[in-house]
Amino acid sequence: MIDIKSMTLEEISQSLRDMGEPAFRGRQVFSWLHRGAASFSEMSNLSRPLREKLAAACVITVPTVACKQVSQQDGTIKYLWRLQDGNCIETVLMRYHHGNTVCISSQVGCRMGCAFCASTIGGKVRDLQPSELLDQVLFTQLDSGLPISNIVLMGIGEPMDNLDNVLRFLELVNHPEGMNIGMRHISLSTCGVVPGIQRLGQLQLQLTLSVSLHAPDNETRNRIMPVNRAYDVDTLFDACHQYFARTGRRISFEYAMIDGVNDSDAQADLIARKVRGMPAHVNLIPLNEVRESPFHPSRRIRAFQKRLESHGITVTVRRSLGGDIDASCGQLRRRAMAAEEG
Ligand code: SAH
């Protein structure tokens, strides 16, 4: 069966032309799909024979809500979606002043193995399809009734480990006849998969690249992020400098503050040295404690921030949302999996 929602407008139009349909049919079908149609029978401007032909050849992905939590504190909504094959993925809707932002997963699980992260504990199950990436935005908007203006690819999974599907998703969600979300309203976060950063740089998209740095020295980074053994700190920063040179876009460095591991002044100074020559933004994240991990939140966030700022770096400290629900990475999915395993 063909996963029609993963197809571009041009591909759908071409397939319909091959079936002897007029050129505008593709546009009609694309528009139905991107408004959340769950079946071809809803597509009332298509003839019955065409609807039946499409239904025989194609599936329309539709996730169902396996669990939904709404924060009483700040309105953050966390969805656990059940996919057609029974796998579950998390999506979080955050309500900021600048608009509603959805944080989507890029894979079912993750194989990057970061030592402080809950979403990698069970490994990677499979990649998500472009349709399944899009559905997280589409059905979060439909279910919540809240218009979504921003997307961050910062949920479970490594986007650069599923880059073909992610790039296709970007094309779909950005399409004027689809959800029409502008590239400048999209952020993509990577743990530092250098070939992916290079490929993205070549495309010169206007999205924001976030790099999960978490340590500026190989000794510490090797210890907490296995990806660093494939692409070390200098290789990563070379790729970042090249990315900036190509795109002119400022990179955002994510930095989860871990007590006694990555929170020294010497490490702040080293970050400053590594980013010299490009405008950088460092986002300090209070570490979320993960039961299975030995790491604890740093008590030096303000001091570290000041030290970075003394080098002229723009620093923000991430505000934590959804504290009363399982809103951070991987927690809801892990709980649901544990419950299913009994
Ligand atoms: N794989 C991508 C995107 C998913 S992780 C990446 O690594 O960037 C989203 C962000 O949450 C990353 O910056 C990740 O390092 C961070 N993160 C993971 N576990 C965390 C924890 N326990 N506390 C704080 N941040 C965490």
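Visitor: Anything to know before we start?

Guide: Residues are numbered from 1 along each chain as its sequence is written, and side-chain values use heavy atoms, leaving out hydrogens and water. Since this is a predicted model, local features need pLDDT of at least 70 and side-chain atom pairs count only at pLDDT 80 or more, while totals for chains, interfaces and linings use all residues.

Visitor: How many residues surround the ligand?

Guide: There are 19, each with a heavy atom within 4 Å of the ligand. Phe116, Ser189, Ser212, His214 and Asn288 are the closest.

Visitor: What does His214 do there, in terms of distance?

Guide: One of its polar side-chain atoms lies 2.5 Å from an oxygen atom of the ligand. That is a polar contact, a pair of N or O atoms within 3.5 Å.

Visitor: And which atom of Asn288 is 2.9 Å from a ligand nitrogen?

Guide: A polar backbone atom. Glu158 instead uses an N or O atom of its side chain, 2.9 Å from a nitrogen atom of the ligand.

Visitor: How much of the ligand does the protein cover?

Guide: On its own the ligand has 530 Å² of accessible area, and the protein covers 95% of that. Such areas come from the Shrake-Rupley method with a 1.4 Å probe.

Visitor: New topic. At what angle do H4 and H5 pack?

Guide: About 45 degrees, for helix H4 (residues 130–144) and helix H5 (residues 163–174), with axes 8 Å apart. Axes are lines fitted to C-alpha atoms over the stretch in contact, and angles run from 0 to 180 degrees between N-to-C directions. Helices here are DSSP runs (H or I) of at least four residues, numbered from the N terminus.

Conventions:
A polar contact is a pair of N or O atoms within 3.5 Å; within protein, one must be able to donate a hydrogen and the other to accept it, and residues adjacent in sequence count only if both atoms are side-chain atoms. Helices (H or I, at least four residues) and strands (E, at least two) are DSSP runs, numbered from the N terminus.
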